[in-house]
Amino acid sequence: MSIIIDKLNYIYSTGTAYEKHALKNINLVINDGEFIGLIGHTGSGKSTLTQHLNGLMKGTSGDIYYNGENIYDKNYNMKSLRNKVGLVFQYPEHQLFETTVFKDICFGPRNQGLDELQIELRAYEAMKMVGLDNDLLDASPFELSGGQKRRVAIAGVLAMKPEVLILDEPTAGLDPKGRDEILDQIAYLHKESNITVILVSHSMEDVARYVDRLIVMNKGEIAFNDTPQKVFANYKELEAIGLAAPQVTYVMNELKIRGIPVKTTPITVEEAKEEILRVLKKGTGLEIRND
Amino acid sequence: MGIIRSENLTFEYIRRDEEGNVESINRAIDHVNIDVQKGDFVAILGHNGSGKSTLAKHINSILVPTEGTMWFKDMNTSDEDKLWDIRQSAGMVFQNPDNQIIATVVEEDVGFGPENLGVPTEDIWRRVEESLNAVGMMEYRTHSPNKLSGGQKQRVAIAGIMAMKPECIVLDEPTAMLDPNGRKEVIRTVKELNEKEKVTVILITHYMEEVISANKVFVMDEGKVVMEGTPKEIFSKVDMLKKYRLDVPQVTELAFELKRSGLSIPEGILSIKELVDAICKL
Amino acid sequence: MIRDITIGQYYPSNSILHKLDPRVKLVGTILYIVFLFFIQNYYGYIFAAVFLGLIITLSKVPVKFILRGLKAVLFLLLFMVAFNLFFTPGNEAFSFGFIRVTWEGIESAILMGLRLIFLLLGSSIMTFTTTPNQLTDGLEKLMGPLKKIKVPVHEISMMMSIALRFIPILMEETDKIMKAQMARGADFESGGLIKRAKSLIPLLVPLFVSAFRRANDLAMAMEARCYRGGEGRTKMKPLKYAGKDMLAYLILIMYVAGIIAINKYL
C-alpha cells in the first residue's frame with residue numbers, strides 16, 4: 001500500500017508564451033503511514049504535485065500508482081481516489097459554506113453517499129480529531145476565530161476518512177501559538193490514526209521536528225529527499241535555492257567550524273541544547289546544573 | 001512629544017441585534033498609552049486577536065477611539081476636519097497584497113494616492129518614479145500586478161503609500177500572507193525606507209524575526225500593551241513572550257535554554273553569530 | 001475554452017493605433033458600427049472592408065490572433081446567417097424537403113454575415129489596441145457632459161476599472177474553491193438541472209464571502225490612500241489630443257462621407 005510516482009511531468013499553457021514546466025520528471029515513493037514534509041518556496045511545484053496525488057490535476061506524461069493501480073488507467077475510479085487521498089488546501093477556511101460547523105463537516109461524507117448515521121458519526125469523530133469542542137457544533141463557521149475555522153476545514157476532509165492526508169500550508173496566517181497548536185494536532189492525529197500525512201510548507205523550522213522525511217522541491221524538480229538531519233546537512237545548497245535550514249543547524253555547524261566538537265545533526269532547540277551541554281561538560285568539566 | 005501619541009485609548013466593537021439593542025461589547029483596546037518619536041522603527045507584536053491591528057487603524061483614523069485620544073502630529077484623529085491631512089501623512093499598508101492594489105498597471109497604482117491628493121500631473125510622475133525606485137520595483141512599472149509575487153505586490157503597495165510623501169507608514173501584518181523570501185524582501189524594503197527616507201515605521205506582526213530591525217517593540221495582549229522595550233530587552237524574556245502566545249527565534253530560545261542550564265550566556269541573544277561567540281568564549 | 005476568447009483582450013504593441021487617444025478609437029468604433037447599417041450596396045461593403053483592412057494593418061495585431069477571436073463566436077454567427085437564410089420570404093432559389101431557401105434569403109444572409117464580421121472585427125481592433133484603463137478613461141472623458149444631469153460618470157468608470165482588476169483574481173479564486181470542494185467529493189458536472197444548481201452552493205457561498213471581504217478591504221485601502229470621489233482629483237495620465245488624433249478624426253469624417261457618397265452615387 002503506497003503511492004508511487006513514476007516520471008511525472010506537468011506542463012501548462014503548452015505552445016503559448018506562458019508555457020511552464022511545473023513538474024519535471026518526478027519519481028517518488030510514499031509509503032503507508034509515513035509523515036512527510038514537502039518543502040519548497042512559491043512556484044517550486046509543491047502545490048501542483050499535491051493536486052496530482054488526488055487526481056485534481058493530470059500529468060502531461062508519466063504515471064501515478066495508488067496501491068498498485070495506475071490512476072491514469074481508463075477504468076480507474078477517480079472519485080474513489082479523492083475519498084482516499086484527502087487534500088486540505090491553503091487557507092481552507094475559504095471553502096466553508098454551510099450554516100453550521102457540523103453541517104459543513106458533513107459535506108464530505110455526504111458526498112461519499114454514506115447513510116445519515118455514518119455521516120454524523122464521522123463528523124463527530126473528525127471534530128474530536130482536530131480538537132474542536134462539541135459546543136461549536138451549531139455555531140456558524142463564519143463567526144469562529146481563524147484557528148478554529150481552519151480546524152473545521154481540516155475536519156471536513158478528515159470526516160471522509162482518507163488514507164492519505166495532504167495539508168497545503170496548514171499554518172499560513174496563524175500566529176505562533178496557533179501554528180504550534182495545529183502542527184501538534186496533526187502530529188497527534190498521525191500517531192493515533194496512523195494515516196499517511198504529507199505536510200506542505202515553506203518553512204523548514206516548522207516541519208523539521210515533526211516529520212520522518214523531507215522532500216525539497218525546487219523549480220519543479222526534487223532537490224532533496226531524505227531525513228531532516230541529512231537534508232539540513234546540505235544547508236549551503238538549501239540556501240542557494242532560497243530556502244534555509246533551521247537556525248540551530250547553522251549554530252551547530254558554526255560551532256564545529258570554530259573548533260567545538262559538536263555533532264551537527266540536531267534540528268530542534270531541545271536537541272541542540274543537549275548536544276552543546278554534552279560536549280561542554282565533557283570538554284571543560286564545567287559545573288552544569290541540570291533541570 | 002512624539003509623532004504618534006495615545007492617551008488612555010480604548011476601543012470597543014459593539015454588536016447590535018436587529019432592533020439596535022446592544023448584543024455584546026468587545027473591548028479590543030483597553031487604555032493604551034503609547035508615544036512614538038519621529039524617525040522611530042516601532043514593532044507592535046501580539047497574537048491574532050490581541051488588538052494590534054485595531055490599534056494600528058487608529059493611527060490614520062480608520063477607526064476612532066471609543067474613549068481616550070489618539071494624536072498624530074498633534075492632530076486629534078477624532079477631528080474630522082483633519083482626516084485627510086492625517087491620512088496623507090500616515091500611510092497604511094495592509095495584509096492582503098491583492099486587496100489594496102487598485103489599478104491594472106503597477107505605475108498607475110502608485111499614482112493613485114497622489115491623484116487623490118490633487119497633485120499636478122508632472123509631480124505625480126516624479127513621485128511615482130521616486131517611490132518605485134525607493135522600493136526597487138522600477139523595472140516592473142508597466143507590468144500587471146497580477147503577474148507579480150506576493151512580496152513584489154507588497155512593495156508596490158508600499159510605493160503607493162510613499163508616493164503620498166507620508167511622514168509615517170503603518171504596516172498592518174504586511175508579511176502574514178507571504179513566503180519567507182517575500183517576507184525578507186518586504187522587511188528589507190521597510191528598513192531601508194526608515195534609514196534612508198527617515199520615515200517613521202510602525203510594523204504590526206507576529207513574526208519575531210521581523211522585530212529585530214526595530215528600535216522599539218510593544219507587545220500587546222488582550223487590548224493592552226504588556227511589554228515595551230528594545231528587541232534585546234523583549235527577547236530576554238522568553239517565558240513572558242510564550243505566555244502571550246508568541247515565539248522567539250530559535251537562537252534566542254537556544255541561548256535562553258543554555259543559560260537556564262547554567263551556562264553564562266548573555267541575555268537577549270538575537271543572532272547566530274552572537275550565540276556562537278558567546279559559547280566559544282566559555 | 002475561456003482562454004480562446006480574444007475579444008476584449010489587449011494586444012501590446014507600439015503601433016500608431018495603440019498610441020491614438022482612446023476617445024478617437026471609441027468614437028471611431030461607434031461611427032464605424034453605426035454606418036455599417038447604413039450601407040446600401042456592395043460597393044459600400046467593399047469600401048468598409050478596405051477601410052477595416054487598412055486599420056488592421058496599421059494596428060500590427062497579427063491577423064491570426066484576430067481571427068481566433070471570431071472562432072469563439074462562430075456559433076452565433078452561423079446561427080444568425082442560417083436564420084436569415086431559411087426564414088426570409090421571397091423567390092425560391094432551391095429547396096430540400098420543408099427547407100426553402102430564397103434569393104432574398106441568400107442575399108440578406110450574406111449581408112448579415114458581413115455586417116456581423118465587420119462589427120466584431122472593428123470592435124475587437126479597438127480592445128486589442130487600447131488598455132482597459134485607457135478605455136475607462138476615454139469613456140469617463142467622453143461621458144463628461146453627462147455629469148451635468150447628475151450621472152455619476154467618475155464612479156462608473158472607477159467601478160469599471162476595479163472590476164477589470166478583480167475579474168482575473170476572482171476567476172482564479174473560483175477555480176481554487178471548485179478544486180477544494182471537489183477534493184471534498186463535490187460533483188459539479190453530473191445530475192439534472194436542479195441538482196446541478198444546488199451543487200453550486202458550495203462554490204457560490206465562499207465566492208460571495210470572499211468577494212465581500214475583498215470589497216471591504218479594498219474600500220479601506222482606498223480610503224487610507226485619501227480617495228474621496230472624483231472631486232479635486234488630478235490625473236497621472238490625462239487625455240490630451242495630439243496632431244495624430246486630429247488626423248484620425250479627419251480620416252473618420254472622410255470615411256463617413258465616403259459611405260454616404262457611395263450610397264448616393266453608386
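The model is a predicted one, and over all its chains the count of salt bridges comes to 51. One of them joins the side chains of Lys46(A) and Glu169(A), with 3.8 Å from N to O. This pair links distant parts of chain A, 123 residues apart, since Lys46(A) belongs to helix α1 (residues 46–53) while Glu169(A) sits in the loop between β7 (164–168) and α6 (176–193). Both Lys46(A) and Glu169(A) are buried.

In chain B, Arg27(B) and Asp30(B) form a salt bridge whose closest N and O atoms are 3.3 Å apart. Are these two residues buried or partly exposed? Arg27(B) has a relative accessible area of 34% and is therefore partly exposed, whereas Asp30(B), at 15%, counts as buried because the limit for that class is under 20%.

A further salt bridge is formed by Arg225(C) with Asp109(B), the closest N and O atoms lying 3.5 Å apart. Arg225(C) is in the loop between α10 (201–224) and α11 (243–265) of chain C and Asp109(B) is in helix α3 (residues 106–117) of chain B, so this pair joins two chains. Arg225(C) counts as buried at 4% relative accessibility, and Asp109(B) is buried with a relative accessible area of 0%.

Turning to the cysteines, the count of disulfides over all chains is zero. Cys106(A) counts as buried, at 3% relative accessibility, while Cys280(B), at 28%, counts as partly exposed.

Between chain A and chain B, 36 residues of chain A are in contact with 33 residues of chain B. The area buried between these two chains is about 3100 Å², and carbon and sulfur atoms give 60% of that area. Asp175(A), Gln247(A) and Val269(A) supply 19% of the area that chain A buries against chain B, which is more than any other three residues supply.

The count between chain A and chain B is five salt bridges, and nine residue pairs, both residues at pLDDT 80 or more, are in polar contact. On the side of chain A that touches chain B, α6, α10 (247–257) and α11 (269–284) of chain A each supply at least two residues, and by class this side has 18 nonpolar, seven polar and eleven charged residues. Asp247(B) forms a salt bridge with Arg179(A), their closest N and O atoms being 2.5 Å apart, and both residues belong to a network of salt bridges that also links Asp180(A), Asp206(A) and Arg209(A).

Technical notes:
Residues are numbered from 1 along each chain as its sequence is written. Chains are lettered from A and ligands numbered from 1 in the order in which they are written. This is a predicted model: local features need pLDDT of at least 70, side-chain atom pairs count only at pLDDT 80 or more; totals for chains, interfaces and linings use all residues. Side-chain values use heavy atoms; hydrogens and water are left out. A salt bridge is a side-chain nitrogen of Lys or Arg within 4 Å of a carboxyl oxygen of Asp or Glu. Helices (H or I, at least four residues) and strands (E, at least two) are DSSP runs, numbered from the N terminus. Buried means under 20% relative accessible area, exposed over 50%, partly exposed in between (1.4 Å probe, protein chains only). A disulfide is a pair of cysteine sulfur atoms within 2.5 Å. Contact means heavy atoms within 4.5 Å. Buried area is the accessible area (1.4 Å probe) that two parts lose on being put together, summed over both. A polar contact is a pair of N or O atoms within 3.5 Å; within protein, one must be able to donate a hydrogen and the other to accept it, and residues adjacent in sequence count only if both atoms are side-chain atoms. Ala, Val, Leu, Ile, Met, Phe, Trp, Tyr, Cys and Pro count as nonpolar, Asp, Glu, Lys and Arg as charged, and the others, Gly among them, as polar.
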